[in-house]
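I opened my notebook to get to know a new structure. I wanted to see what sits inside and what faces out.

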Amino acid sequence: MRLHTHEWGSGDRIAVLVHGLMSDHRTWHRLAPVLADKGYRVVGVDLRGHGASGRGEYSPEAWAGDLVETLPAGPELAIGHSLGALALSGAVERLAPARAVYCDPAWELRHRAVQASAYFTVFKNANRTMISGLNPRWDDTDVDIELATLADWDPATARILPAVYSGSRTPARPAVPSLVLLAGGSDLVRPGLGGELVRRGFEVRTVEGAGHTLFRDDFDGFMGALDGWI
């Protein structure tokens, strides 16, 4: 499937951004202009079932294949968050970026997939008070964007989570030089996985105190953690 994309900047280097579940390219409204100012042409996608992209059969393989179908091959930088990190890791060998960054990646939810599926489906109807209460560090723009992306999101993407996480989705090795950014205030990544990822060849850094959407909770801390990678 060819995905809907949005571009920022016109630099010679290409950066691609892949959002998480329930979101779309608008989640990168802070990061993308910064990368554009650094000389990148930034391409943000809407994954299948999100934003202005099409609907269809949902699976990690489909999401990864869509990225390969849509994005320019060999970008300088590829960044994926949560579900987007899962999709990116499935596409990375074919997409062949010079560097990949996985932000609080949704690689292992085996013990919580059923619970997460029900929670995300209900969250489709979240209101402003609920979103602000769960994310006290977000500004009004982020809350507005969350409401807009939820309206454009297909909750069927969440209903497949139990099947997706019947086993581990953690890559055995990095296909390209890869950084994993963990959110210190998130419990998505199981204890001990950071050390295991280091042993597998990933560089791992933590944005302490940030929640799962670490680039919205602590943008300065997030950018600091990207030092040397962008």
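Entry one. I started with Met130, which is partly exposed because its relative accessible area is 39%, between the cut-offs of 20% and 50%. I am working with a predicted model. I placed Met130 in helix H5, which covers residues 128-134.

Entry two. Next I went inside. In soluble globular proteins, nonpolar side chains tend to be buried together. Here I found that the largest nonpolar core has 49 residues. Leu67 and Tyr102 have the most contacts inside this core. Helix H3, residues 83-95, gives the most to it, with eight residues.

What does Tyr102 contact, leaving aside neighbours within four places in sequence? I listed Gly80, Ala85, Leu88, Ser89, Val92, Trp107, Ser178, Leu179, Val180, Leu181 and Phe202.

I turned to Thr170. I found Thr170 in the loop between helix H8 (161-164) and strand E6 (178-183). Is Thr170 buried or exposed? Thr170 is buried, because its relative accessible area is 10% and buried means under 20%. I noted a polar contact of 2.8 Å between the side chains of Thr170 and Glu108. Not counting residues up to four places away in sequence, Thr170 touches Glu108, Trp107, Leu193, Leu197 and Arg200.

Notes:
Residues are numbered from 1 along each chain as its sequence is written. This is a predicted model: local features need pLDDT of at least 70, side-chain atom pairs count only at pLDDT 80 or more; totals for chains, interfaces and linings use all residues. Side-chain values use heavy atoms; hydrogens and water are left out. Helices (H or I, at least four residues) and strands (E, at least two) are DSSP runs, numbered from the N terminus. Buried means under 20% relative accessible area, exposed over 50%, partly exposed in between (1.4 Å probe, protein chains only). A nonpolar core is a set of buried Ala, Val, Leu, Ile, Met, Phe, Trp, Tyr and Cys residues joined through side-chain atoms within 4.5 Å. Contact means heavy atoms within 4.5 Å. A polar contact is a pair of N or O atoms within 3.5 Å; within protein, one must be able to donate a hydrogen and the other to accept it, and residues adjacent in sequence count only if both atoms are side-chain atoms.
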